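Welcome, and take a moment to look over the sequence and the model. We will walk through a few of its features together.

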Amino acid sequence: MKIALDAMGGDHAPGVVVEGAVLAAREYSLQTILVGDETLVKAELAKHIKPDSPEARLITVHHASEVVGMGESPAVAIKKKKDSSLRVSFELVKNGEASAVVSAGNSGAAMAAGIFLLKRLKGVERPAIATCVPTKKKALVLLDVGGNVDNKPSHLVQFAAMGDVYAKHILGYEKPRVAVLNNGEEEGKGNELTRGTNELLKDGPLNYIGYVEGKELFDGDVDVVVTDGFVGNVVLKLTEGLVGSVMEMLKEEIEASTSAKIGYLFAKGAFGNLKKRFDYAEYGGAPLLGIDGICIISHGGSSARAIKNALRRAKENVDRNVNEHILEELGALAKPGETVPFKRSV
């Protein structure tokens, strides 16, 4: 298995991206194709490994002369920058030269490349970006977190199926509890999207438990939560910002008094564990589900450890046949004669 890694994608590329590939080779014996400016990438590689080292035999470099910027229009970037590190990475998967792609670059461009080059899986109207959110008990799968701003109920039903598969085969949950994010638990609450999705899911084969409110997300009583990409992205960014702010406020309070500093010495391990639970680097990246290939989208500010874990996650998705299971589940949801589940009902 070889994984194409967009070496020029992210806020700290190519440095931390190359270092992440080296860590993955060292810890997991993963084969990686670093896609990007050959001169820059090889210079970074030389900082971490020797040409005759075991890691060097697992890492190759594929030259790409262009870079997709974080602020560029996704569709324009993919169509015009045909030799960008992002597009070339997807083309390696399309041509069978790589089994998966990982990028910490422009997530919209990654979404566009997945649809344009790899195409959608049969039965998927809209691919979705999924992410793992830590809770009191265990991580839940939240999707979509930014791939689609406007959605229909049929899209969210497909998200539910894909999230269910991911929770089963990647997180190891036997019978994931699926819920729709809503502004209340009562049947009459919500908007046209959430009520329509609820009607479609409640009589389906998934372990659907109904609505979940935002305040309940972190209780750990649900495993898969579906929403549109606008709301999902707001929830994700709010969570990231809140965790960072709470940590900063705790730091300020601890530094404000001697007694608090002494107390911190005894609780240092607990604070460290809490920070680790909310660290996106532990999860590596967010899978782009619903395309005919494996893609992991990493945080733009990813560290080398986050890239390493994203590569590991990509390998898990390939090894555990996630896309095959998605096809099976979507097929089970479809009515006789349908190729896309519930498309005619919305």
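Predicted model: local features only at pLDDT ≥ 70, side-chain atom pairs only at ≥ 80, totals over all residues.

Helices (H or I, at least four residues) and strands (E, at least two) are DSSP runs, numbered from the N terminus. Residues are numbered from 1 along each chain as its sequence is written, and side-chain values use heavy atoms, with hydrogens and water left out.

Serine 29 is not a glycine, yet its phi is positive, about 55°. Serine 29 is also exposed, at a relative accessible area of 52%. Here buried means under 20% relative accessible area, exposed over 50%, and partly exposed in between (1.4 Å probe, protein chains only). Asparagine 321, again not a glycine, has a positive phi of about 50°. Its loop runs between α10 (304–319) and α11, and with 37% relative accessibility asparagine 321 counts as partly exposed.

Two cis peptide bonds come next. One joins alanine 13 and proline 14, with omega about -5°; proline 14 lies in the loop between β1 (2–6) and α1 (15–28). Another joins leucine 143 and aspartate 144, with omega about 5°, and aspartate 144 sits in the loop between β6 (140–143) and α6.

Now follow the chain into α6 itself. Helix α6 (residues 153–169) packs against helix α11 (residues 322–333) at an angle of about 135°, their axes 9 Å apart. That makes α6 oblique to α11: angles under 35 degrees count as roughly parallel, over 145 as roughly antiparallel, 65 to 115 as roughly perpendicular and the rest as oblique. The axes are lines fitted to C-alpha atoms, for helices over the stretch in contact, and angles run from 0 to 180 degrees between N-to-C directions. Contact means heavy atoms within 4.5 Å. Among the residues that meet are Val157, Ala161 and Val165 in α6 and Ile326, Leu330 and Leu333 in α11.

Helix α4 (residues 85–94) is mostly covered, with eight of its ten residues buried; Phe90 and Leu92 are among them. After α4 comes glycine 96, with a positive phi near 80°.

What about disulfides, pairs of cysteine sulfur atoms within 2.5 Å? A search of the whole structure finds zero. The sulfur of cysteine 132 is 15 Å from the closest cysteine sulfur, in cysteine 295, which is too far for a bond.

Technical notes: Disulfide = S-S within 2.5 Å.
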